Amino acid sequence: MSYSAVLLGLCQFLFMASVAVGISFNGLVGEDLAPSPGLATLPYLFITASTAALTLILPRVFAALGYQGGFMGGAFMGLVGGLLAAWAVWQASFVLFCLAGLLIGIYQASALYYRFAAADAVTDPHKGTAIAWVLSGGILAALFGPMLGSLGLHLLEREYVGSYFLVALLALAALPVILFSRLPARQLADVERPPIPLAELLRYQQIKPAMVFCAGGYAMMMLVMLASPLAMQGCGFGAADAASVIQWHLLGMFAPSLITGRFIGRFGPQPVALVGCVVLASGCVLAWLGQALVNFHIALLLVGVGWNLMYMGGSTLLTQVADSYVRGRLQALNEFATYAVMTVTAGVTGWIYHQLGWQLLVATAAAFVLVILCVMLVRAWRGPVAAR
């Protein structure tokens, strides 16, 4: 595997470790600071909204500045966002906490392209494996991210302030790694090429299944993930228990990356993504069956595994497009669709949880994923996806 993929995997670890803190505590902090419990997950909406807004312009940013310049700018925004989040918690300001999410979302938007930078550095047969190496950086993040967040929980006088300081330190640590990485260059000539109309992009056979798997899987995974700390608090479990469940969830999200690339190479991206639908729905069903701590742990683990298979399958479909400029536009469209859907999901998760409760929420997620499975099976039966 290339040197670039290894370093980008380390960058992914640092990014996902900081994200783990946000996933574990964002809803709990939001519920404490928000004027209404239904707005508990609103701060996460700001993260996903800024990510979605940037996905469409980042290919041109990378073409002009290179991957290295874009990644360093994103990590710097993560540093500032973590510091602002810590200050917001210290001041008990819901507004500042939401604004911090905007900056962290910029970091997230740039980090989404770690896997594409790794894929650009290798030949076609190794692209799936390169993506898997980058996503496997989340394995270490799953082990250490929630642990670091729990250590920072009571580090300072006010709860959670130390945890968000750690978010800033992790983003800071990514800067020298990016600086000394040898990253592939984007084609500067692409900046001069005219934009491709949306209707033409949608005619590429890879884009629709990629968006369904990535956006649909990510949205349902996020719905369950963001609601789980709130549900656990309602069942009498503490913040440390929520961090432990998120740790299992992140392991499910990224540990399969060690072998998912090989499965994609052997069976193809679509069959792997379809299996992911089944696994994600199974996790939701297990969460519906009981609210013991073990149910939360195993259910969130399965939801993470299902997301991994769906997301990697969908992402690999887009790497099959030969033209680098078109591939970049399709990747941007896919990321925008994914994070636009996630933005809506993040904004309404708190309200859905308080209106429906945990069991109806996870039942809804399971039903939605099963609909995706049926639609994509029918589409696959009519004809396989071919590269254009």
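1. Basis. Residues are numbered from 1 along each chain as its sequence is written, and side-chain values use heavy atoms, with hydrogens and water left out. Because the model is predicted, local features need pLDDT of at least 70 and side-chain atom pairs count only at pLDDT 80 or more, while totals for chains, interfaces and linings use all residues.

2. Overall fold. The chain has 16 helices and zero strands; these are DSSP runs numbered from the N terminus, with helices being H or I of at least four residues and strands E of at least two. The radius of gyration, taken over C-alpha atoms, is 19 Å, close to the 21 Å that the globule rule gives for 388 residues, so the chain is as compact as a globular protein of that length. That rule is 2.2 Å times the number of residues to the power 0.38. Along the principal axes, the C-alpha atoms fill a box of roughly 55 × 45 × 35 Å.

3. Of the 388 residues, 60% are buried, meaning under 20% relative accessible area with a 1.4 Å probe, protein chains only. Among contacts (heavy atoms within 4.5 Å) with a separation of 6 or more, 86% join residues 24 or more positions apart.

4. Nonpolar cores. A nonpolar core is a set of buried Ala, Val, Leu, Ile, Met, Phe, Trp, Tyr and Cys residues joined through side-chain atoms within 4.5 Å. The largest has 127 residues, of which Phe25, Phe71, Tyr114, Tyr164 and Trp358 touch the most other members. Helix α1 (residues 3-33) supplies the largest share of this core, 17 residues. Apart from it lies another core, of 14 residues, including Ala210, Val321, Val326 and Leu330.

5. Trp358. Leaving aside neighbours within four places in sequence, Trp358 is in contact with Val224, Ala227, Ser228, Ala231, Ala287, Gln291, Phe296 and Tyr353.

6. Helices α7 and α8. Helix α7 (residues 137-153) packs on helix α8 (residues 161-179) at an angle of about 135°, with the axes 7 Å apart. Axes are lines fitted to C-alpha atoms over the stretch in contact, and angles run from 0 to 180 degrees between N-to-C directions. The two helices are therefore oblique to each other, as angles under 35 degrees count as roughly parallel, over 145 as roughly antiparallel, 65 to 115 as roughly perpendicular and the rest as oblique. Leu148, Gly149, Gly152 and Leu153 of α7 meet Gly162, Ser163, Leu166 and Leu170 of α8.

7. Gly347. This residue lies in helix α15 (residues 324-356). Its C-alpha atom is separated by 9.4 Å from that of Gly38, 309 residues apart along the chain. Beyond neighbours within four places in sequence, Gly347 is in contact with Thr41 and Leu45.

Technical notes: Buried means under 20% relative accessible area, exposed over 50%, partly exposed in between (1.4 Å probe, protein chains only).
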